[in-house]
Amino acid sequence: MADSNVLNPHPPEFDQFLYASVGEDRNGYVVTVLSTLARLGLDPWKEAAELVTLERDDARARLGELLARFRDVPALASDHGRIARDLSQLLPAGPTSGALQRAASTVAGDRPGTSRAIWAVFAIVFLLFQMFIVGGSGSGE
C-alpha cells in the first residue's frame, strides 16, 4: 500500500502548533508560527521537533527568544512571553509517534549544509568525469 504521507511528509502532530497564530503583521494579516520560523530562516518542522525534545519550560523559553527576534508582528515586541507560553501548550507532549520520533532524531543528527556539500562533491565528480572520460565536443574521437 502506498504511503499516505507522500504529499505531506511532515508529522501531523506539529500542525496545531505550526499553524497557530502569533498575531497580525503591520498589514493586518495573520502570521502563523510556521511563517514566523520560516521568516527567521529556520526550518519550522525541525524547530518544532527540537522544541518537543525540550522540557516544557525550556521549550517555552526557546520559543520566547525566537518570537522576540521577530519584528513583523508588533504585538510580539511587548507580549512575546505570554504568546510563547500559550503556543508552547500546543506542542505535542513528547516524541511518541514514529513520525514524531524520526523528526526529533533528525534534528539531533542533522548538520546544516551537509546535503549541499554532498551535492557539490557529486557535481564536481560529474564534471571531472565529463571532462576526462567522455571528453568534450570536438575532441576528434
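**Group meeting: charges and core**

Hi everyone, let's start with arginine 85, which is partly exposed at a relative accessible area of 40%; that label covers values between buried, under 20%, and exposed, over 50%, with a 1.4 Å probe and protein chains only. Please keep in mind that this is a predicted model, where local features need pLDDT of at least 70, side-chain atom pairs count only at pLDDT 80 or more, and totals for chains, interfaces and linings use all residues. Residues are numbered from 1 along each chain as its sequence is written, and side-chain values use heavy atoms, leaving out hydrogens and water.

Arginine 85 pairs with aspartate 86 in a salt bridge, their closest N and O atoms 3.4 Å apart; the term needs a side-chain nitrogen of Lys or Arg within 4 Å of a carboxyl oxygen of Asp or Glu. Shared partners join Asp79, Arg82, Arg85 and Asp86 into one network.

The whole structure has 6 salt bridges. Another of them joins arginine 62 and glutamate 47 at 3.0 Å, N to O. Those two sit 15 residues apart, arginine 62 in helix 4 and glutamate 47 in helix 3; helices here are DSSP runs of H or I, at least four residues, numbered from the N terminus. So is glutamate 47 buried or exposed? Glutamate 47 is buried, at 7%.

Now the core. The largest nonpolar core has 26 residues, and among those touching the most other members are Phe17 and Val22; such a core is a set of buried Ala, Val, Leu, Ile, Met, Phe, Trp, Tyr and Cys residues joined through side-chain atoms within 4.5 Å. Helix 3 gives the most to this core, 5 residues. Thanks, everyone!
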